[in-house]
Amino acid sequence: AIALYEFPGHKVTTHFIAEMPVRSSSTRGLGAYANIFAIESFIDELAHEAGADPVAFRLAMLSGMPRHAAVLRHAADKAGWGTRPLPAGRARGVALHESFDSIVAEVVEVSIASDGRTPRVHRVVCAIDCGTVVNPGIVAQQMESGVVFALSAALWGRIDIEGGVVRQRNFPDHPLLALKDTPAIETHIVASERHPGGVGEVAVPPLAPALGNALFTLTGVRRRELPLAVP
């Protein structure tokens, strides 16, 4: 995925076997969930070091990827990036991703809850180019459910094994996003005449990095590990 961006001096390793003490399996978004968190967080770190706007920084490296640039611009425009100031105590973050022949950009608006530590996501703006769309309602539903799943995972998706037993046995130890905490989710479909792409998992990978990038803008602290909620 980092090969989307055009810049010199980078090396992409496409396969790495991680030694795990327990058997692992797939999650919604597959390997992209963790990989895109690392990649899009690092792209934001580069933008910060360069003193550049995160959206403009990405667009400058997408001259050879017009579909990706169009999706990123669409999400930024619909979110009011650079044009619509946020209330005090809120910040935006962005991430871009391609999988299953679909391209997704997400902008997340976040604040910190009254406890001074818990992220509170207010709005998620999604733009997607998934080729020819047969049923826009299904696309929106899949994007919304993907955001809810991804936000639960990004905030609390942790498994600890103690004495050979998983500690998170039920919802008090492994919470899911409640309706009262669910942000406003907008799905904007970019018109395309390409073949249909997937929509079942593509909303998941950009959420965590967009949230982490927003939290960095808000707090000045870069979180490089998931989940993002402070234990």
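Here is a walk through the structure above, from its overall outline to a few individual residues.

This is a predicted model, in which local features need pLDDT of at least 70 and side-chain atom pairs count only at pLDDT 80 or more, while totals for chains, interfaces and linings use all residues. Residues are numbered from 1 along each chain as its sequence is written, and side-chain values use heavy atoms, leaving out hydrogens and water.

Let us begin with the fold. The protein has five helices and six strands; these are DSSP runs numbered from the N terminus, with helices being H or I of at least four residues and strands being E of at least two. Read from the N terminus, the order of the elements is α-α-α-β-β-β-α-β-β-β-α. Along the principal axes, the C-alpha atoms fill a box of roughly 50 × 40 × 40 Å. The radius of gyration is 17 Å, which agrees with the value near 17 Å for a compact globule of 231 residues. That radius is taken over C-alpha atoms, and the globule rule is 2.2 Å times the number of residues to the power 0.38.

Of the 231 residues, 42% count as buried, where buried means under 20% relative accessible area, exposed means over 50%, and partly exposed lies in between, with a 1.4 Å probe and protein chains only. The protein exposes about 12,200 Å², and carbon and sulfur atoms supply 56% of that area; accessible areas come from the Shrake-Rupley method with a 1.4 Å probe, and for residues only the protein chains shown count as cover. As for charge, there are 21 positive and 23 negative side chains, and the centres of the two sets lie 4 Å apart. Lys and Arg count as positive and Asp and Glu as negative, with His and the chain ends not counted; each charge is placed at NZ of Lys, CZ of Arg, CG of Asp or CD of Glu.

How is the chain tied together? Among contacts between residues at least 6 apart in sequence, 69% join residues at least 24 apart, a contact being heavy atoms within 4.5 Å.

Leaving aside neighbours within four places in sequence, Ile128 is in contact with residues including Val71, Ile103, Val139, Met143, Ile189 and Val202. Val125 lies in strand β3 and is buried, with a relative accessible area of 1%. The C-alpha atoms of Val125 and Val107 are separated by 5.1 Å, although the two are 18 residues apart along the chain. Beyond four places in sequence, the contacts of Val125 include Ala75, Lys78, Ala105, Val107, Glu186 and His188.

In helix α1 you will find Ile43, which counts as buried at 0% relative accessibility. His68 sits in helix α3 (residues 66–79) and is buried, with a relative accessible area of 6%. Its contacts, leaving out residues up to four places away in sequence, are Leu4, Leu62, Leu96, Glu98 and Ile103.

Finally, some backbone details deserve a look. Phe100 lies in the loop between β1 (91–99) and β2, and has a positive phi of about 55° although it is not a glycine. Asp101 lies in the loop between β1 and β2, with a positive phi near 65°. Phe100 is partly exposed, with a relative accessible area of 45%, and Asp101 is partly exposed at 45%. In the segment after α5 comes Pro227; the peptide bond from Leu226 to Pro227 is cis, with omega near 0°.
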